[in-house]
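Let's take a walk through a protein model together. Keep the picture open and follow along as we go.

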Amino acid sequence: MKNVLLLNLMPNKIETENHFKNIFSKLSHNVKISFMRMESYESKNIPKSYLLENYKTLKDISFDDYDRFICTGSPVETLPFEKVDYWKELIKVFDRIKVHNIKSYYICWGAQAVLYYRYGIDKVKLKDKKFGLYEYNFNRNSLHNFYFLNKKIKIPVSRYTESIDAQIVNNSDLSIVLSHKKEGICMLENKSLSEIYNFNHFEYDTLTLKNEYIRDINKKISIDIPKNYFPNDDVGQDPINSWTENAILFFDKWFEKD
């Protein structure tokens, strides 16, 4: 049994829970997930009774009980890190993970946040939201082909910012796993800290990007159709899931790698 502590920073917590439960149910490992939240932030999208019953906070956690740690993204990426309500609490979590040397996986804003805290790697706002299904190349110049069989990996992307590539490339602790000359860096590994940083979303299910698109359209937010996602860019057609197979392979290998 692999015990995972998952810090869920997303407002739609149940949807995010289900993304991971769905993928982990398909792994060759037995995985038990414990969910964690920020005590210094009160969620507006889910009853407090649900959080009290299903989520732990920092004071409740013994980190020795966990084999792995996952930190999700959060829709706060346009704010300076220090302006995020729960920033001080979050960096306490980052410190505890480092002290206990727990193998960790950070997603989207979560990856940006820990890279900023550990190394001062900043983020920049993109001209337009990077939104859709993007293809990245596996870095054959490294030894990190442990995770993937294919040279090209497709993965859902949904963000308004990106970490600065030059600061990543110049950091000797960080090794690029997935990247693209035009689209930039997708995934990094930090072997000294047993951490993986993915700026994008292996965990998304087939319709997540579609639901995000419809949500934003209904809110009158100007947004393009998710790139490379709907067949022929026709929102009336069902998207084809071309990433979950790689997500399952990745997480299986990640749990295997002690």
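We'll look at a pair of helices, then the cores, then some aromatic rings. One thing to keep in mind is that this is a predicted model.

Start with two helices, α3 (residues 87–100) and α4 (residues 109–119). Two packed helices are described by the angle between their axes and the distance between the axes. Here, the axes of α3 and α4 come within 11 Å and cross at roughly 75 degrees. Angles of 65 to 115 degrees count as roughly perpendicular, so α3 is roughly perpendicular to α4. Who does the touching? On the α3 side you'll find Trp 87, Leu 90, Ile 91, Phe 94, Asp 95 and Lys 98, and they meet a set of α4 residues that includes Trp 109, Ala 113 and Tyr 117. Sorted by type, the residues of this contact come out as nine nonpolar, one polar and three charged.

Now let's head for the inside. The largest nonpolar core has 36 residues, and those touching the most other members are Leu 7, Phe 69, Leu 90, Tyr 106, Trp 109 and Leu 188. Two or more residues each come from β1 (2–7), β4 (68–71), α3, α4 and β9 (184–190). Which element gives the most to this core? That's α3, with six residues. Zoom in on Leu 90: leaving aside residues up to four places away in sequence, Leu 90 touches Leu 7, Met 38, Trp 109 and Ala 113. There's also a second, separate core of 35 residues, with Val 4, Phe 148, Ile 153 and Ile 155 among them.

Next up, the rings. A pair of aromatic rings is described by the distance of the centres and the angle of the planes. This structure holds 25 aromatic pairs. Take Tyr 41 and Tyr 86: their ring centres are 5.9 Å apart and their planes are at 75 degrees, so the pair is edge-to-face. Tyr 41 sits in the loop between β2 (31–36) and α2 (48–54), while Tyr 86 is in the loop between β4 and α3, 45 residues apart. Are these two buried or exposed? Tyr 41 is partly exposed at 32% relative accessibility, whereas Tyr 86, at 5%, counts as buried.

Phe 94 and Tyr 106 are edge-to-face too, at 5.7 Å centre to centre and 80 degrees between the planes. Phe 94 belongs to helix α3 and Tyr 106 to strand β5 (residues 103–107), so this pair ties together parts that are 12 residues apart in sequence. Phe 94 is buried, with a relative accessible area of 0%, and Tyr 106 is buried at 0% as well.

Key
Residues numbered from 1 in each chain as written. Predicted model: local features only at pLDDT ≥ 70, side-chain atom pairs only at ≥ 80, totals over all residues. Heavy atoms only, no water. Axes fitted to C-alpha atoms, helices over the stretch in contact; angles between N-to-C directions. Helix = DSSP H or I, 4+ residues; strand = E, 2+ residues; numbered from the N terminus. Parallel < 35°, antiparallel > 145°, perpendicular 65-115°, else oblique. Contact = heavy atoms within 4.5 Å. Nonpolar A, V, L, I, M, F, W, Y, C, P; charged D, E, K, R; others polar. Core = buried A, V, L, I, M, F, W, Y, C linked by side-chain atoms within 4.5 Å. Buried < 20%, exposed > 50% of the residue type's maximum accessible area, 1.4 Å probe, protein only. Phe/Tyr/Trp six-rings, centres within 6.5 Å; stacked < 30°, edge-to-face > 60°.
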